[in-house]
Amino acid sequence: MSQLSTKRLTKELKDLKDKGCPAGITLLESDDLRKWTFELEAYDSIYQGEKFALMFRFSDQYPIDSPAVQFIVNNTKGYLSPVHPHIYSNGHICASILSDGWSPVLNVAAVCLTIQSMLTSCKSKERPPDNDGYVARAPENPKKTRWEFHDDSV
Amino acid sequence: MTSEAQSTELNDTEILELTEKIKEEESRGSPLIGVLEEMPALLKEYENGNEIYKNKINNLITEGYNHFRRIRGDGNCFYRAITYAFIELVSKDSQAATSAKERLENVGIPLLSELGFDSDIMLDFYQPLLSILDNVKDPSISIGDYLKVTLNDDEEVSNSIVVFMRYLTSATIRKNADDFIPFLFAYEGDLQLDDEGMPDIKKFCETYVEAFGKEADHLQMTALGRVLDLGLKVCYLDASERPTVDWHTLNENSKTITLLYRPGHVDLVYK
């Protein structure tokens, strides 16, 4: 791994462990510095009581390059993809912060908070209209999808 | 909300993004900073092409511009070009390298803090530049070899400095918003206006300056030259029917570098 990404990730991880994660977010795994998972809850929302697992994968180019972030779908562990208009059933998330809106000054905690707030502000549990078509053809890594953003309100 | 799988027709922004992506992919593999080449190598690009370019290049040679240096065309070319030429220029005497470093520490870095950029995060991006400015003062090293190892061979060092230069440019534009806003109205991309009909300069900077891989225009060039205390002479080579290239001077300064600008790309040219 590159020096810059190792340095930044080590620092972010230390901050998360020392200062703790934001409310509703728990670090599950970070043994592999390139792949972290969090458990995420959205209190006071229509997802109250549901627990989701969010996976981050980092390339050598992090933080210049955005991390690959998706929800884990794992039936044995009981993790499902949140039913949300911007989140596909395979766990892929359509959010500008993960593509064009990424900036190297952002970090993992900021991404977690953005995704948590996507859930908190959601009013109705629906899948994106093109869910089935997308999921059938989606690449394994969501960063390989070229996202379009039509709606900032959810 | 759709994914690529469904898109059928592309709008202008998408075409632009796709073009940028193709350019970025094509340029991979070419050096970040090319070796110094003689002008006939540039002429060769137009061998079977436009006479206008050939005439303009020949006239440049007559004016004494005998060498050029290719920069990778991945949307970061301006930032890589100015970094290279800036270090090359100040490495000619150790006092200039010291002043350049002091200028960054006393003006550039405080400006980033003033605009609210996290100093710890910025440190990771500017540390490589500061250490290069220290190392070029060592008379025993060969500057050309050293800059090749750092700014060409080490993509991480080069990219970190690009990111730093982008934030420095952004901070300069935002700090001097009154000077730069008039130019924003002429900007070709989508421009967001605030409630009073003024361009949203922060949004502009995030989209067109800070974003890695986004090409620079004369606005970004002016701002970065200003904060680095560096003059920029831009040699504008295009297909317009004139016998010579157009020259633009951005920031009059005793320390000046020369950029070879062809629409959508920046290289370096030398006397």
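Begin by selecting Asp132(A), which counts as exposed because its relative accessibility is 64%; here exposed means over 50% relative accessible area, buried means under 20%, and partly exposed lies in between, with a 1.4 Å probe and protein chains only. Residues are numbered from 1 along each chain as its sequence is written, while chains are lettered from A and ligands numbered from 1 in the order in which they are written. What is on display is a predicted model, in which local features need a pLDDT of at least 70 and side-chain atom pairs count only at pLDDT 80 or more, while totals for chains, interfaces and linings use all residues, and side-chain values use heavy atoms, with hydrogens and water left out.

**Stop 1: around Asp132(A)**

Asp132(A) belongs to helix α3 of chain A, residues 131–137; helices (H or I, at least four residues) and strands (E, at least two) are DSSP runs numbered from the N terminus. Show the side chain of Asn131(A) as well, and a polar contact of 3.3 Å to the side chain of Asp132(A) can be displayed. A polar contact is a pair of N or O atoms within 3.5 Å; within protein, one must be able to donate a hydrogen and the other to accept it, and residues adjacent in sequence count only if both atoms are side-chain atoms. For a sense of scale, draw a line from the C-alpha atom of Asp132(A) to that of Ser59(A): the two residues are 73 residues apart along the chain, and these atoms are separated by 28 Å.

**Stop 2**

Side chains of opposite charge can pair when their charged atoms come close. Over all chains the structure holds 30 salt bridges, each a side-chain nitrogen of Lys or Arg within 4 Å of a carboxyl oxygen of Asp or Glu.

Select Arg34(A) and Asp60(A), whose closest N and O atoms are 3.6 Å apart in a salt bridge. This pair links distant parts of the chain, 26 residues apart, with Arg34(A) in the loop between β1 (25–32) and β2 (35–40) of chain A and Asp60(A) in the loop between β3 (52–57) and β4 (68–71) of chain A. Arg34(A) is partly exposed at a relative accessible area of 34%, and Asp60(A) is likewise partly exposed, at 35%.

Next select Lys51(A) and Glu39(A), a salt bridge in which the closest N and O atoms are 3.9 Å apart. Here Lys51(A) sits in the loop between β2 and β3 of chain A and Glu39(A) in strand β2 of chain A, so that parts of the chain 12 residues apart are linked,. Lys51(A) counts as partly exposed at 43% relative accessibility, whereas Glu39(A) counts as buried at 15%.

**Stop 2: the sheet of chain B**

Move to chain B and colour the open sheet of 6 strands, whose order is β1-β2-β6-β5-β3-β4 with mixed pairing. Its edge strands are β1 and β4 (246–250), each of which pairs on one side only. Strands of a sheet pair through backbone hydrogen bonds, either parallel or antiparallel; two strands are taken to pair if DSSP finds at least two bridges between them.

Strands β1 (residues 33–38) and β2 (residues 67–71) of chain B are antiparallel over 4 bridges, among them the one between Ile33(B) and Ile71(B) and the one between Glu38(B) and His67(B). Strand β2(B) is also joined, by 3 antiparallel bridges, to strand β6 (residues 265–270) of chain B, where the bridge partner of Arg69(B) is Leu268(B).

**Stop 3**

A network of salt bridges that share partners can be shown by selecting Glu37(B), Glu45(B), Arg70(B), Arg262(B) and Asp267(B).

**Stop 4: helix α11 of chain B**

The buried residues include Leu219(B), Met221(B), Leu224(B) and Leu228(B). Just after α11(B), Asp229(B) takes a positive phi of about 60 degrees.
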